[in-house]
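Biologist: I have a model open and would like to learn how to read its features. Please take me through them in turn.

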Amino acid sequence: MKPWRVWKHTNHIWKKTVAAALAAMVMLSGAPCGMQRAEAGWDGWDDVIEVVSGTLIASFQRTQLLALGDNPAVQAELCSQAEKENDGRPDRRAVILTDSVMTRLVEQGNYALKNNSLPFRWRVVHKKEFNAYCDYSDFICVYDKLVKACHYNEDELAAVLAHEMAHGYNQHVARDAQKTILADVLADVALDQLDVSSYGVGRQLPQALVDFAIVKNTTVASEKRADESGFYTMASAGFNPGGAAAMMARMMYFTEHSSQVEDFFFPNDHPDTRVRRGRMAELMTAYGIGHPTVGQSQETLGDVYFDNQFLLRAEPEGGLDEEEMSYLIAGGIAKGFHDHETFEAWAFHSKADGALDFEGDAAAYAPLRRALAASGKGEVFRSLVAQAYADDARTGARDTFLQDEREHEADVEKERAKQAAAAEASPKKAANGDMYLELGLTNFAEKEYTRAKALDEENPDASCGLAMVEGRRGHHEQALAMVDDVLAKHAGNAHALVARADIHRHAGDLDAALADCEAALAADAGTVAARRIIGELYDQKGDRERALEAYRAYHEAAPEACDIPADYMTMLVDGVVEEVE
């Protein structure tokens with residue numbers, strides 16, 4: 001999707017405020033009023049105000065976007081907005097493949113998720129554009145045209161998705177906001193409406209911020225970093241390390257045939273595609289200890305080389321052209337050298353049909369296996385591999401070529417350790433779990449509760465949240481036992497009593513749930529969630545009078561609440577009108 005242009009004007013109110021602040025600073029500092037006028041290139045106070053106000057705006061916007069990005073309700077609405085983009089039913093094969101690849105990347109990829117980031121969610125939508133994006137809430141949207149244009153190749157798709165994940169876990173959108181956000185969004189939304197605490201279940205996100213979320217709002221520098229981080233994420237999850245370069249080759253086709261298809265990236269916001277392809281090819285080669293390369297000239301596209309010796313020529317396969325296949329074949333070689341520290345670990349052997357085979361069942365090796373069989377170069381390849389290990393042992397090539405990856409892994413581990421040590425983030429993660437439960441997203445609630453408990457083993461809200469998850473899954477006895485353990489350590493804990501009410505309600509014991517809600521209010525009258533649940537329980541029992549009474553108490557305690565059923569809210573509003581009259 002085409003990015004918005006960056007407009008270079010600043011909100012007038014901000015200018016007046018900053019001007020007053022700067023004037024006060026001058027007065028307090030004792031600076032002389034008759035300062036010498038600057039020479040050419042100095043535009044006076046307007047320049048100072050522009051720079052300082054821009055800095056303040058950027059800091060404010062970044063803080064707001066980071067906070068919004070850690071709000072499950074915001075993430076849910078952005079997901080809902082993406083689904084509204086559908087121009088029809090998404091391609092089923094694209095959905096299945098994307099789910100498979102994303103699940104593998106999230107669960108097996110090596111990356112560090114910051115405490116103020118949400119777990120990744122994703123959707124495939126039906127659009128006639130070659131597009132994918134990750135917004136500031138770690139929601140990834142993929143257009144099925146992109147998946148189909150890659151001919152459903154999982155390694156090329158993994159490269160795209162890992163790149164988008166990198167934008168998420170590096171928080172690029174929020175951190176690049178000062179360079180990319182429109183001043184109008186700031187003026188119309190940020191200064192007036194971005195009260196993050198008010199975005200609970202049911203609150204509508206301002207449309208300007210929704211629009212901002214679905215465009216590429218990252219700088220060229222962040223795109224480069226996402227390319228590299230994404231490469232290591234997808235490779236660590238077991239995908240073919242040649243997939244990233246193959247994807248760039250595929251992108252080049254669409255770039256060079258832009259009149260035929262809508263491209264998903266734009267020169268102003270991404271590095272040149274040929275440069276990106278070259279960089280991804282270099283990363284693949286380094287991953288393979290320097291041994292595999294592919295042809296780069298027009299005459300050699302499709303050629304695969306081993307230690308600069310021609311090995312074989314790739315053939316088109318599955319809709320992919322010779323160039324793409326050459327990267328996937330070379331990627332298989334790279335993965336083999338990376339994953340096998342010795343020649344013996346390859347375990348070369350002959351199959352029943354006489355073809356050469358080696359250790360490794362991963363699909364990432366499939367293009368290499370097929371190419372060796374088709375070219376009859378199996379024995380040549382085995383000899384080259386044996387010689388390469390002998391040379392590497394002598395030159396120390398393994399340590400040299402893997403140095404960048406090891407530094408990247410060390411950075412990831414350092415960030416992971418930093419996040420794990422921040423116990424103060426535990427309450428917010430547990431609160432996120434509560435919101436995911438309210439949204440009906442039990443699996444995501446479990447992820448946030450688990451993160452909360454990992455940060456602080458003694459956090460009762462995290463333990464109660466995990467108990468509610470078990471209750472939602474029908475494991476009522478186990479769930480009740482978990483809450484009882486919390487209450488044994490924290491007698492009268494209001495949150496634990498609400499959690500037990502939630503479990504009783506899902507077990508069908510409404511009276512026990514009501515009793516627990518009343519006990520929670522007795523323990524802490526500020527437990528507003530208990531009032532809402534009481535309203536829901538009485539409504540479920542068919543007692544609308546008591547339900548209305550409970551919802552009125554809830555509304556008075558939480559006037560900003562947006563999760564009161566519409567019919568009850570109408571009665572509450574009508575009641576207020578009658579009192580006024």
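**Reading the model**

Modeller: Start with the surface: the protein has an accessible surface of about 26,700 Å², and 52% of that area belongs to carbon and sulfur atoms. Keep in mind that this is a predicted model.

Biologist: How many helices and strands does the protein have?

Modeller: The secondary structure amounts to 27 helices and eight strands.

Biologist: What percentage of the 581 residues count as buried?

Modeller: The figure is 52% of the 581 residues. As for contacts, among those with a separation of 6 or more, 67% are between residues 24 or more positions apart.

Biologist: How are two packed helices described?

Modeller: By the angle between their axes and the distance between the axes. Take α24 (residues 510-523) and α25 (residues 528-541): they pack at about 155°, and their axes are 9 Å apart. Angles over 145 degrees count as roughly antiparallel, so α24 is roughly antiparallel to α25. The crossing of α24 past α25 is left-handed.

Biologist: Which residues make the contact between α24 and α25?

Modeller: From α24 the contact takes Leu510, Asp511, Ala513, Leu514, Cys517, Glu518, Ala520 and Leu521. From α25 it takes Ala530, Arg531, Ile533, Ile534, Leu537, Tyr538, Gln540 and Lys541. Sorted by class, the contact of α24 with α25 has eleven nonpolar, one polar and four charged residues.

Biologist: At what angle do α22 and α23 pack?

Modeller: Helix α22 (residues 476-489) and helix α23 (residues 494-507) pack at about 165°, with 10 Å between their axes. That angle makes α22 roughly antiparallel to α23. The crossing of α22 and α23 is left-handed. On the α22 side, the contact residues are His476, Ala479, Leu480, Val483, Asp484, Val486 and Leu487. They meet Ala496, Leu497, Ala499, Arg500, Ile503, His504, His506 and Ala507 of α23. By class, the contact of α22 with α23 has ten nonpolar, three polar and two charged residues.

Biologist: Are α14 and α15 roughly parallel or roughly perpendicular to each other?

Modeller: Helix α14 (residues 322-339) and helix α15 (residues 366-375) pack at about 100°, with their axes 7 Å apart. Angles from 65 to 115 degrees count as roughly perpendicular, and α14 and α15 are therefore roughly perpendicular to each other. In this contact, Met325, Leu328, Ile329, Gly332 and Ile333 of α14 meet Pro367, Leu368 and Ala371 of α15. The residues of the contact of α14 with α15 divide into seven nonpolar, one polar and no charged.

Biologist: How do I read a phi value?

Modeller: Most residues other than glycine have a negative phi. Ala347, also found in the loop between α14 and β7, has a positive phi of about 50°. Ala347 is partly exposed, at 33% relative accessible area. Ile289 has a positive phi too, near 60°. Ile289 is in the loop between α13 (273-287) and β4 (292-294), and is buried at 2% relative accessible area.

Biologist: Which residues does Arg416 touch?

Modeller: Not counting residues up to four places away in sequence, Arg416 touches Asn110, Tyr111 and Ala112. Arg416 and Tyr111 are 305 residues apart in sequence and 8.1 Å apart in space, C-alpha to C-alpha. Arg416 lies in helix α18 (residues 403-420) and is partly exposed, with a relative accessible area of 30%.

Notes:
Residues are numbered from 1 along each chain as its sequence is written. This is a predicted model: local features need pLDDT of at least 70, side-chain atom pairs count only at pLDDT 80 or more; totals for chains, interfaces and linings use all residues. Side-chain values use heavy atoms; hydrogens and water are left out. Axes are lines fitted to C-alpha atoms, for helices over the stretch in contact, and angles run from 0 to 180 degrees between N-to-C directions. Helices (H or I, at least four residues) and strands (E, at least two) are DSSP runs, numbered from the N terminus. Angles under 35 degrees count as roughly parallel, over 145 as roughly antiparallel, 65 to 115 as roughly perpendicular and the rest as oblique. A crossing is left-handed if the near helix is turned anticlockwise from the far one by less than a right angle, and right-handed if clockwise. Contact means heavy atoms within 4.5 Å. Ala, Val, Leu, Ile, Met, Phe, Trp, Tyr, Cys and Pro count as nonpolar, Asp, Glu, Lys and Arg as charged, and the others, Gly among them, as polar. Buried means under 20% relative accessible area, exposed over 50%, partly exposed in between (1.4 Å probe, protein chains only). Accessible areas come from the Shrake-Rupley method with a 1.4 Å probe; for residues, only the protein chains shown count as cover.
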